Amino acid sequence: MKPLQAIALAAILAAGTGAWAADAPAKPMKMDEPMHGEMKKQSMKKGDVKKAAKKKERELKPMIEKETAGSAKK
Amino acid sequence: MEAAQAQWVKVHPLIVRVTHWINAFGILIMVASGWRIYNASPLFPFRIPNELTLGGWLAGALQWHFAAMWLLVINGIAYVTYGIVSGHFRRKFFPLTPATVFHDVLGALRGKLAHDDLSVYNAAQRAAYLAIIVCAVVLVFSGLAIWKPVQLQEITAIFGGYESARVVHFLTMALLVLIVVVHIAMVILVPRTFPTMITGRARRAS
Amino acid sequence: MKRRTMETSLAGHSPKLIRSIERRLFLKQGLSLGALALLSGCELTDDEGVQRLLMGMSGLNDRAQGWLFNPNKLAPEYPESAITKPFPFNAFYSVDEVTLVDGKDYKLELEGLIREKKPWTLPELYELPQTSQITRHICVEGWSAIGKWSGVRFSDFLARIGADTSAKYIGFTCADDYYTSIDMATALHPQTLLTFRFADQVLPPKYGFPMKLRIPTKLGFKNPKHIMSMFVTNEYPGGYWEDQGYNWFSGS
């Protein structure tokens, strides 16, 4: 990589996430791996949370939309 | 047969037997689930083998622990209220002096402690059973200190804060388990005490 | 029953023999009972009836804790010297998998029983009056650590957005897919803070950038990190760990 290219890349990164959040390179979460920590059940995978979140969103959506619409009228 | 019937004496009142067995069941659940909870963040450099624990995982163990808690609290209130109001504690556990406890514990260790009349506790028993009650009280309060370090922070402060309350809770559990193990060993050595805790009756020593 | 027949059949034998047999029988029964209890320990928890009973007790514990919760009782605060260093990282994933949220595009979404549902950018949130606290974070696993968080008092924020504070719950969804919810009484507690800073620095990703709801009156897993949206509702929203069996209220 040429110096100019490197500087340009660094500038793009800094303008993006770097300035705000990135103090460590983010690795994508390995969804089919077992969960970390001591709160888990042995069989739980990291991806379980995403699945459960989607299911929960579907369940709660009608009520939240109703409540959102209801409070807008006031 | 007629002669045998005349020999039965009443040893344990019904309420003592019922609360004893509810307590035994409750404490078994509390200890086994508590060990699982301990394993999630061990205070000391050892873990309890999972095979000896209850709950399957942390959430399961917590559910058992906080369900059995109510059973034990209600049972404990019934037992202690009866013990004080009826005079059961006063009659069964006192008088009690360090000298008699020392004498009887030594006797028990040498296998020379007589327990012929089951309706009277020797000094070693009195000390052990009182110690179990004291342990239970400390376990309840150190448990509250860990469970509610904000709402009941005055109790947590008595134990020197959250972290030391955890240590007190664990060590008191260990002491209680030790006393219970000795208690069960003694029942194995004098097996006729076992049915007495169920039926309430014992044959008069001949 | 067994004992009685044994006693009659052994009548005429020496009491010592009877006692030794009794003892052995008792030991054997005791041991097999113990083994049975241990073997069934796991299955016992999985049994549907037992599971319902335990969940019911957890619901009872929610109500008991709600009743015990005193909105004016403050969590103890600590001096700077008491802060735990390094502060532990804890999540269902490893620290190198922490979700990175782009602060520039970030907007906090608001839904449900809220009057002003305009999304909030970080600069807008940073301009709100800020306060700090040094409190003990207690994990459901048992460990605890003391940290310093700074942000806006959550009750102030709720007032500003016109949240219906007579509603029962506030739910949160997070950038790492985690979700949880809390009771309104806790949301209005004076020490419940919507925090943007940890140890006087912008909240690092591993502690929940761009924001973490810090609730010193609840266990750690009730303190959501990387909050993306929140909603005020009267329908019980549960939470990831709560739906798996952890107690919902989980108050300290």
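Tutor: Helices (H or I, at least four residues) and strands (E, at least two) are taken as DSSP runs and are numbered from the N terminus. Please keep in mind throughout that this is a predicted model.

Student: Speaking of peptide bonds, which residues does a cis peptide bond join in chain C?

Tutor: One cis peptide bond joins C:Lys85 and C:Pro86, with omega about -5 degrees, and C:Pro86 lies in the loop between α3 and β1 (109-112) of chain C. Another cis bond joins C:Phe209 and C:Pro210, where omega is about 5 degrees; C:Pro210 is in the loop that connects β7 (201-202) with β8 (212-214).

Student: Let's step back a bit. How many helices and strands does chain C have?

Tutor: Chain C has seven helices and nine strands, and 42% of its 252 residues count as buried. Among the contacts in chain C with a separation of 6 or more, 68% are between residues 24 or more positions apart.

Student: Which residues of α3(C) are buried?

Tutor: The buried residues of α3(C) are C:Leu54, C:Ser58, C:Asn61 and C:Gln65. They cover an arc of only 55 degrees around the axis, so they fall on the same side of α3(C).

Student: What's on the other side of α3(C), and what do the buried residues pack against?

Tutor: On the other side, C:Glu48, C:Gly49, C:Arg52, C:Gly56, C:Arg63 and C:Trp67 are exposed, whereas the buried residues of α3(C) pack against α3 (58-85) of chain B.

Student: Switching to chain B, then: at what angle do α5(B) and α6(B) pack?

Tutor: The two helices, of which α6(B) covers residues 123-147, pack at about 105 degrees with their axes 7 Å apart, and that angle makes α5(B) roughly perpendicular to α6(B). On the α5(B) side the contact is made by B:Thr100, B:Val101, B:His103, B:Asp104, B:Val105 and B:Ala108, and on the α6(B) side by B:Ala123, B:Ala124 and B:Ala127. Sorted by class, this contact has six nonpolar, two polar and one charged residues.

Student: What follows α5(B)?

Tutor: α5(B) is followed by B:Gly111, whose phi is positive, near 70 degrees.

Student: And which residues of α8(B) are buried, and what covers them?

Tutor: In α8(B) the buried residues are B:Tyr162, B:Ala165, B:Arg166, B:His169, B:Phe170, B:Thr172, B:Met173 and B:Leu176. Their cover includes α2 (14-40), α6 and α7 (153-158) of chain B, together with β2 (131-138) and β3 (144-153) of chain C.

Student: Last one, chain A. How many of its residues are in contact with chain C?

Tutor: In chain A, 29 residues are in contact with 36 residues of chain C. Both α1 (3-18) and α2 (48-73) of chain A supply at least two residues each to the side that touches chain C, and the largest share, 11 residues, comes from α2(A). That side of chain A divides into 14 nonpolar, six polar and nine charged residues.

Student: What does the secondary structure of chain A come to, and how much of the chain is buried?

Tutor: Chain A has two helices and zero strands, and buried residues make up 14% of its 74 residues.

Note on methods: Residues numbered from 1 in each chain as written. Chains lettered and ligands numbered in written order. Predicted model: local features only at pLDDT ≥ 70, side-chain atom pairs only at ≥ 80, totals over all residues. Contact = placed C-beta atoms within 7 Å. Nonpolar A, V, L, I, M, F, W, Y, C, P; charged D, E, K, R; others polar. Buried ≥ 20, exposed ≤ 12 C-beta atoms within 10 Å, placed from the backbone. Arc of directions from axis to C-beta. Axes fitted to C-alpha atoms, helices over the stretch in contact; angles between N-to-C directions. Parallel < 35°, antiparallel > 145°, perpendicular 65-115°, else oblique.
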